[in-house]
Amino acid sequence: QTLNIPENVSFVQAAAIPETFFTVWANVFQMGKAKAGETVLVHGGTSGIGTTALMLCKSLGIKTFATAGSDEKIQAISHLTTGINYKTQDFEQVINEATDNAGVDVILDMVGAPYLEKNLNLLRRDGRLVYIAFLGGAKAKEVKLGQIMMKRLTITGSTMR
């Protein structure tokens, strides 16, 4: 496959675009089915994948929240999203307060097992949880299957390799 390099983009810059943009597009928009008017939570919001997801969501009219591990990182993405420092704030509580307990439609998660319960709690009816990594652990101890069924949730993932 080949792509034209946009004007004013160097070859090196162009070489970096597919890794993040293709990953985000496939996971957030094709598998996660995010669309205008919905809300997306991006874990790892200051990573390359995270910032790409936030930029694309913003450009498509999708409200976002993002987790990151320092106040400096939160500040870096403040023009794109509502950032949540997961080390000092409970992201589930912050999002519930901001959405009047409505939660989010899609979650892009690269953390994995430690966030599963909170992710399931935050997803709205027909919500979609998309895993692209499991940096915090690949094996969850418990899963509330009833919650998944009652909310009609979809859980999916990909390695893009």
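Guide: Let's start with a definition: a salt bridge is a side-chain nitrogen of Lys or Arg lying within 4 Å of a carboxyl oxygen of Asp or Glu. Please keep in mind that this is a predicted model.

Visitor: Thanks! How many salt bridges does a search of the whole structure find?

Guide: The general idea is that side chains of opposite charge can pair when their charged atoms come close. In this structure, the search finds six salt bridges. One of them joins Glu38 to Lys35, with the closest N and O atoms 3.1 Å apart.

Visitor: Which other residue forms a salt bridge with Glu38?

Guide: That is Arg128, and here the closest N and O atoms are 2.7 Å apart. Glu38 sits in the loop between H1 and S1 while Arg128 belongs to strand S5, so this pair ties together parts that are 90 residues apart in sequence.

Visitor: Is Glu38 buried or exposed?

Guide: To decide, look at the relative accessible area: under 20% counts as buried, and over 50% as exposed. Glu38 has 9%, so it is buried. Arg128 is buried as well. Lys35, with 49%, is partly exposed.

Visitor: Could we try another pair? Which side chain meets Lys144 in a salt bridge?

Guide: The side chain of Glu117 does, at 3.3 Å from N to O. Lys144 is in the loop between S5 and helix H6 (145-151), and Glu117 is in helix H5 (residues 116-122), so parts 27 residues apart in sequence are tied together. Lys144 is partly exposed, with a relative accessible area of 45%, and Glu117 is also partly exposed, at 47%.

Visitor: How many bridges join S4 to strand S5?

Guide: Five bridges join these parallel strands. You can find Asp109 opposite Tyr131 in S5. S1 and S2 also pair in the parallel sense over five bridges, and Leu41 stands opposite Phe65 in S2.

Visitor: Which residues cover the two faces of S1?

Guide: Thr39, Leu41 and His43 point to one side, Val40 and Val42 to the other, and all are buried. That makes five of the five residues of S1 buried, so this strand is largely enclosed by the rest of the structure.

Visitor: Which residues have the most contacts inside the largest nonpolar core?

Guide: Of its 19 residues, those are Val24, Val28, Phe29, Ala34, Val40, Val42 and Leu108. Helix H1 (11-31), strand S1 (39-43), helix H2 (48-59) and strand S4 (104-109) each supply at least two residues of this core. H2 gives the most, with five residues. Apart from this core lies another one, of 18 residues, among them Val94, Leu120, Leu122 and Ile148.

Visitor: Let's look at H2, then. Which parts do its buried residues pack against?

Guide: They pack against H1, S1, strand S2 (63-68) and S4. The buried residues themselves are Ile49, Gly50, Thr52, Ala53, Leu54, Leu56 and Cys57. Just after H2, look for Gly61, which takes a positive phi of about 75°.

Methods:
Residues numbered from 1 in each chain as written. Predicted model: local features only at pLDDT ≥ 70, side-chain atom pairs only at ≥ 80, totals over all residues. Heavy atoms only, no water. Core = buried A, V, L, I, M, F, W, Y, C linked by side-chain atoms within 4.5 Å. Buried < 20%, exposed > 50% of the residue type's maximum accessible area, 1.4 Å probe, protein only. Helix = DSSP H or I, 4+ residues; strand = E, 2+ residues; numbered from the N terminus. Pairing = 2+ DSSP bridges. Contact = heavy atoms within 4.5 Å.
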